[in-house]
Amino acid sequence: MPRTTQLRTYTVRDGLLDEWVERWRSDIVPLRLELGFEIGGAWVDRERSRFV
């Protein structure tokens with residue numbers, strides 16, 4: 001079956017990256033999994049304040 005993969009990069013406001021990651025883990029991941037999504041990975045680039 002064909003599969004679509006997305007790679008998204010979010011630039012987070014200075015000082016809010018840790019809060020972003022926590023909300024990702026607590027709110028977004030469970031919702032996405034409940035809706036049938038697969039999450040291949042998530043990475044933090046602290047130097048550039050990015051979440052990938």
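Trainee: What should I know before I start?
Mentor: This is a predicted model, where local features need pLDDT of at least 70, side-chain atom pairs count only at pLDDT 80 or more, and totals for chains, interfaces and linings use all residues. Residues are numbered from 1 along each chain as its sequence is written, and side-chain values use heavy atoms, with hydrogens and water left out.

Trainee: How many strands form the sheet, and in which order?
Mentor: Three strands form an open sheet in the order E1-E3-E2, with antiparallel pairing. Strands are DSSP runs (E, at least two residues) and helices are too (H or I, at least four), numbered from the N terminus. Two strands pair if DSSP finds at least two bridges between them.

Trainee: Which strands stand at the edges?
Mentor: E1 (10-11) and E2 do; each has a single partner strand, so one side of each has no neighbour in the sheet.

Trainee: And how many bridges do E2 and E3 pair over?
Mentor: Two, in the antiparallel sense. Asp45 stands opposite Arg50 in E3.

Trainee: New topic. How many aromatic pairs are there?
Mentor: The structure holds three. One of them is Trp20 with Phe51: the ring centres are 6.1 Å apart and the planes are at 65°, so the pair is edge-to-face. The rule takes rings of Phe, Tyr and Trp (its six-membered ring) with centres within 6.5 Å; planes under 30 degrees apart are stacked, over 60 edge-to-face, and the rest tilted.

Trainee: Where in the chain are Trp20 and Phe51?
Mentor: Trp20 is in helix H1 (residues 17-34) and Phe51 in strand E3 (residues 50-51), so the pair links distant parts of the chain, 31 residues apart.

Trainee: Is Phe51 buried or exposed?
Mentor: Phe51 is buried, with a relative accessible area of 3%, while Trp20 is partly exposed at 33%. Buried means under 20% relative accessible area, exposed over 50%, and partly exposed in between (1.4 Å probe, protein chains only).

Trainee: Which residues form the aromatic cluster?
Mentor: Tyr10, Trp20, Trp24 and Phe51 form one cluster.

Trainee: On to charges. How many salt bridges does the count come to?
Mentor: Four, where a salt bridge is a side-chain nitrogen of Lys or Arg within 4 Å of a carboxyl oxygen of Asp or Glu. Among them, Arg3 pairs with Glu38, the closest N and O atoms being 2.8 Å apart. That pair links distant parts of the chain: Arg3 is in the segment before E1, and Glu38 is in the loop between H1 and E2, 35 residues apart. Both Arg3 and Glu38 are exposed.

Trainee: What does Arg46 form a salt bridge with?
Mentor: Asp18, with the closest N and O atoms 2.8 Å apart. Arg46 lies in the loop between E2 and E3 and Asp18 in helix H1, so the pair ties together parts that are 28 residues apart in sequence. Arg46 is exposed, with a relative accessible area of 55%.

Trainee: And what about Asp45 again?
Mentor: The side chains of Asp45 and Arg48 meet in a salt bridge (3.1 Å, N to O). Asp45 is partly exposed at a relative accessible area of 22%, and Arg48 is partly exposed at 48%.
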